[in-house]
Amino acid sequence: MALPFDPIEEAARQWGRRWDGVPAMHAVTSLMRVQQLVIGRLDAILKPHGLSFARYEALVLLTFSSRGSLPLGKMGERLQVHPTSVTSIVRRLEAAGLVERKAHPDDGRAVLAEITDRGRDLVEVATKDLVDADFALSALSDADLATISDVLTPVRKAAGDF
């Protein structure tokens, strides 16, 4: 149920009576709330496929790789998640028959995750559903989406994403 007022605007008003930094506080609070909303919607879209957005991202990453496989460590770097998260994601995908874990042919210590044909098929179906739902951002125009990406790139770069 929608509130009769914008709680982030009210928080910013109250914040400004006590502290500085209202624009940053307003932006970060808005960003975090939108992240919650978008992840919730994306996970709801993917749930009928037995996926979370994190598992979907891992499958897409493997789909993009030239051989359909990557070492778990490299997956963690590219997905920007902790190694234990990658292990958990891959285990769940493996249990669902969407990836297989294999020994790395050149590095006996490394493990590869390799997408299966079933995983590739699921990526296609799930991607269609996400695209059809505009990745839960249908309230925004293409120009707005480009602006958001452009505005957030320096934050990501300053954090060392690239």
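Reader: Does α2 pass α6 in a left-handed or a right-handed crossing?

Author: In this predicted model, local features need pLDDT of at least 70 and side-chain atom pairs count only at pLDDT 80 or more, whereas totals for chains, interfaces and linings use all residues. Residues are numbered from 1 along each chain as its sequence is written, and side-chain values use heavy atoms, leaving out hydrogens and water. Helices are DSSP runs of H or I with at least four residues, strands are E runs of at least two, and both are numbered from the N terminus; a crossing is left-handed if the near helix is turned anticlockwise from the far one by less than a right angle, and right-handed if clockwise. The crossing of α2 past α6 is right-handed.

Reader: How many charged residues does the contact of α2 with α6 have?

Author: The contact (heavy atoms within 4.5 Å) brings together L42, I45 and L46 of α2 with A126, D129 and L130 of α6. Ala, Val, Leu, Ile, Met, Phe, Trp, Tyr, Cys and Pro count as nonpolar, Asp, Glu, Lys and Arg as charged, and the others, Gly among them, as polar. By class, five residues are nonpolar and none is polar, and the number of charged residues is one.

Reader: Is V90 buried or exposed?

Author: V90 lies in helix α5, residues 83–95, and, leaving aside neighbours within four places in sequence, V90 is in contact with L72, M75, V99, R101 and A113. Buried means under 20% relative accessible area, exposed over 50%, and partly exposed in between, with a 1.4 Å probe and protein chains only. Because its relative accessibility is 0%, V90 counts as buried.
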